[in-house]
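Open the model in your viewer and keep the selection tool at hand.

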Amino acid sequence: MSSVEFKGYAISDPKKWNDFSVIEFKPKAFQDTDVEIAITHCGVCGSDVHTITGGWGEAPFPLVPGHEIVGKVTRVGSEVKGFKVGDRAGIGAQIGSCYSCRACKSDNENYCSKSINTYASKYPDGISTQGGYSTAIRGHEQFVFPIPENLESRHAASMLCGGLTVYSPLVRNGAGPGKKVGVVGIGGLGHYAILFGKALGAEMYAFTHSKDKIEDIKKMGADHVVVTDDEGEFAKDLAMSLDLIISTRDVAEGMPLQQYLSMLWIHGHFVTVGLPDKPLPQLSAFDFCPNGCYLGSSAIGSKKEAVEMLQLAADRGIKPWIEELPMKDAKQAVERLKRNDVKYRFVLTQDLA
Amino acid sequence: MSQVEFKGYAITDANLWTQFNLIEYQPKTFDDNDVELRIAYCGVCGSDVHTITQGWGQIPTPLVVGHEITGQVTRVGANVKEFKVGDRVGVGAQIGSCYKCRACKEDQENYCPSMIDTYNAHYPDGVFAQGGYSTAIRANQQFVFAIPENLPLRYAASMLCAGLTVFSPLKRHGCGPGKKVGIVGIGGLGHYALLFAKAMGAEVYAFTHSNRKMDDIKKMGADHIIVTGNNPDFAKPLQMQLDLIVCALDVGKGMPLKDYLSMLWVHGKFVMVGLPDEPLPEMKAFDFLTGAFLGGSHIGNKKEALEMLQLAADKGIKPWIEEMPMSKAGEAVQRVKNGDVRYRFVLKQDISPIDID
């Protein structure tokens with residue numbers, strides 16, 4: 001039996017979204033299918049900021065955010081097959097599903113209509129899910145990922161949402177040798193798309209608004225770096241040339257969406273993993289005509305994909321560009337992330353226990 | 001040398017879009033790759049109405065519309081092996097492409113950036129392409145389709161745009177046994193989608209605004225009919241059930257797109273084949289979090305056209321058409337604009353009639 005405490009840095013009021021205070025909270029009632037983890041690291045995701053500021057709608061407070069969690073297993077339920085005490089393991093943005101629907105049975109648990117989020121959600125018994133800016137967490141084995149030997153915890157952490165969220169659409173849409181893949185927005189998610197896209201063998205085109213990221217993006221391995229303008233002039237030379245575009249753009253205003261679509265080859269997909277608060281720019285059916293392209297989004301990824309991604313990262317020595325801070329500096333992290341002042345992901349080191 | 005005249009019913013004043021006047025005009029300059037045909041029938045497409053009402057932009061006049069054409073070959077160029085004089089053939093909404101780009105070489109000629117539309121377009125030598133509300137037309141053989149023996153020309157006509165426009169996405173998205181396919185909007189295109197999807201073996205869900213078309217839709221073979229008007233929860237029972245939705249609706253603004261997307265299984269496609277004048281409804285990235293995709297489609301390629309026509313011939317697919325003499329084009333386009341047609345008009349060429357089935 002573990003004697004793990006459950007304490008975390010919480011926001012109590014969205015009007016004071018950068019004012020964290022330590023709270024104790026009641027964890028999920030431990031089940032035979034659960035794994036309990038003592039947290040060592042937690043990444044800071046754009047979702048954390050969207051949620052605590054109320055940008056994505058109302059959330060239950062007090063709220064401990066954080067869903068890029070890595071730590072050491074302290075307890076496993078009797079039905080758990082894949083973990084033992086002492087293993088390094090992680091949890092991402094999803095912590096529950098129904099386990100029995102068509103989605104859950106086809107490695108699409110990330111699309112289960114009864115999906116439970118790692119924070120700001122409720123379990124069927126009414127307990128609120130609290131996230132990873134904390135000492136410990138419990139999750140169903142389905143949503144706990146083993147961290148490979150030669151992948152450091154601080155590197156793995158932000159792969160569990162940021163990495164997986166782009167890895168899944170990359171693989172589901174065939175990113176690989178011979179394919180040309182565009183990434184819009186080179187921030188936390190975008191930089192992962194470059195790193196994983198290259199590792200999968202694709203030719204990567206990075207689209208960025210900021211000239212001052214060009215050097216970094218080249219170092220990440222992008223084959224081409226295109227500086228974009230809101231009028232879309234950049235797209236003209238690339239008409240119908242990309243097989244897939246992953247967009248991490250978080251702001252809808254001024255987005256040259258029609259021009260992005262025009263860069264896709266026939267039946268190419270534009271997948272926006274960026275989830276702006278506001279509606280997308282208005283489109284007409286004609287915008288899809290010249291190339292029969294598709295517009296969609298993507299929700300995290302499956303466990304199968306998470307495990308595959310972590311193994312790829314371990315095998316290829318993929319290191320994300322992170323800035324580490326102690327968890328007590330969560331305030332600084334979310335404030336800087338809100339102003340895009342991070343290269344390219346914050347990872348908080350647990351400092352409460 | 002053929003004696004074919006090129007005369008057609010044209011819009012001569014863009015403000016009077018239901019008034020067609022007979023004109024003579026210069027056809028495409030005949031070349032070795034061309035097929036010339038006398039026109040027997042031409043279907044009336046929504047595109048014709050969007051064009052002449054200038055919903056899709058200003059038009060030059062005089063303009064002969066019509067791109068659902070069937071008839072009989074009168075002349076073939078020296079390089080043409082596929083056809084001979086007397087053959088029954090058709091021409092659809094595309095009449096040219098560049099023949100050499102990646103799209104053209106990969107059976108994607110319907111996405112060639114240099115494509116030429118059957119009407120309201122210019123050939124590289126400057127000749128203006130006039131459409132099928134006329135006596136005859138010339139087209140590159142790539143865009144001429146043989147009509148199977150046991151498929152009457154009046155049925156084949158409207159398959160060449162409407163039919164192909166829905167057949168291509170159905171085929172490309174695996175419509176067949178075991179698949180659940182939704183069709184939104186049961187008009188000209190929608191009724192073809194229904195007929196073809198059934199013929200391909202899928203389970204078909206027809207979405208229609210009111211009860212008005214219920215009996216027809218049942219007769220067309222839909223497995224399920226969902227009335228969407230005054231039924232805000234229409235999508236709930238079908239959450240994540242459908243593999244594909246083909247949307248033939250000709251509207252934009254009020255369309256509950258989010259509800260339609262919610263009915264798609266993971267990574268299912270909602271394919272718009274209608275091209276409304278107005279923009280699409282407002283969308284948020286969140287609306288796509290079920291993993292569904294929104295897309296469009298543009299006609300189909302020749303391979304698909306031939307496969308479709310053969311399927312129609314083999315399964316005896318009969319579209320629901322209303323035949324009219326070509327001189328009544330004005331009445332036909334007005335009724336299409338009003339949605340008053342069950343479910344496609346086909347004009348019988350009456351300027352210099354030919355006797356062929």
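This is a predicted model. The packing angle is about 100°, and the axes lie 10 Å apart. To find the pair, select residues 162-172 of chain A for helix H4 and residues 303-316 of chain A for helix H8.

Now show the side chains at the crossing. On H4(A), pick A:Gly163, A:Leu164, A:Tyr167, A:Ser168, A:Val171 and A:Arg172. On H8(A), pick A:Glu305, A:Ala306, A:Glu308, A:Met309 and A:Leu312. Colour them by class: six are nonpolar, two polar and three charged.

**Next stop: the domains of chain A**

Zoom out and colour chain A by domain. Domain 1 takes two stretches, 7-161 and 301-349. Domain 2 covers 163-297. The contact draws 28 residues from domain 1 of chain A and 25 residues from domain 2 of chain A.

How much area do domain 1 and domain 2 of chain A bury between them? About 2,300 Å², with 57% of it on carbon and sulfur atoms. On the domain 1 side, select A:Glu305, A:Trp321 and A:Tyr344. These residues lose the most area to domain 2 of chain A, together 29% of what the domain 1 side buries. A:Glu305 was also on the H8(A) side of the helix crossing.

Look for charge pairs here too. Two salt bridges cross the interface of domain 1 and domain 2 of chain A. Then select A:Asp216 and A:Lys343, whose side chains meet in a salt bridge with an N to O distance of 3.4 Å.

**Last stop: chain B against chain A**

Bring chain B into view. Here 39 residues of chain B are in contact with 42 residues of chain A. The two chains bury about 3,300 Å² between them, and carbon and sulfur atoms give 70% of that area.

Finish with the charges. One salt bridge is found across the interface of chain B and chain A. Select B:Asp243 and A:Arg102, which form a salt bridge with their closest N and O atoms 4.0 Å apart.

Definitions and conventions
Residues are numbered from 1 along each chain as its sequence is written. Chains are lettered from A and ligands numbered from 1 in the order in which they are written. This is a predicted model: local features need pLDDT of at least 70, side-chain atom pairs count only at pLDDT 80 or more; totals for chains, interfaces and linings use all residues. Side-chain values use heavy atoms; hydrogens and water are left out. Axes are lines fitted to C-alpha atoms, for helices over the stretch in contact, and angles run from 0 to 180 degrees between N-to-C directions. Helices (H or I, at least four residues) and strands (E, at least two) are DSSP runs, numbered from the N terminus. Contact means heavy atoms within 4.5 Å. Ala, Val, Leu, Ile, Met, Phe, Trp, Tyr, Cys and Pro count as nonpolar, Asp, Glu, Lys and Arg as charged, and the others, Gly among them, as polar. Domain bounds come from an automatic or database domain assignment. Buried area is the accessible area (1.4 Å probe) that two parts lose on being put together, summed over both.
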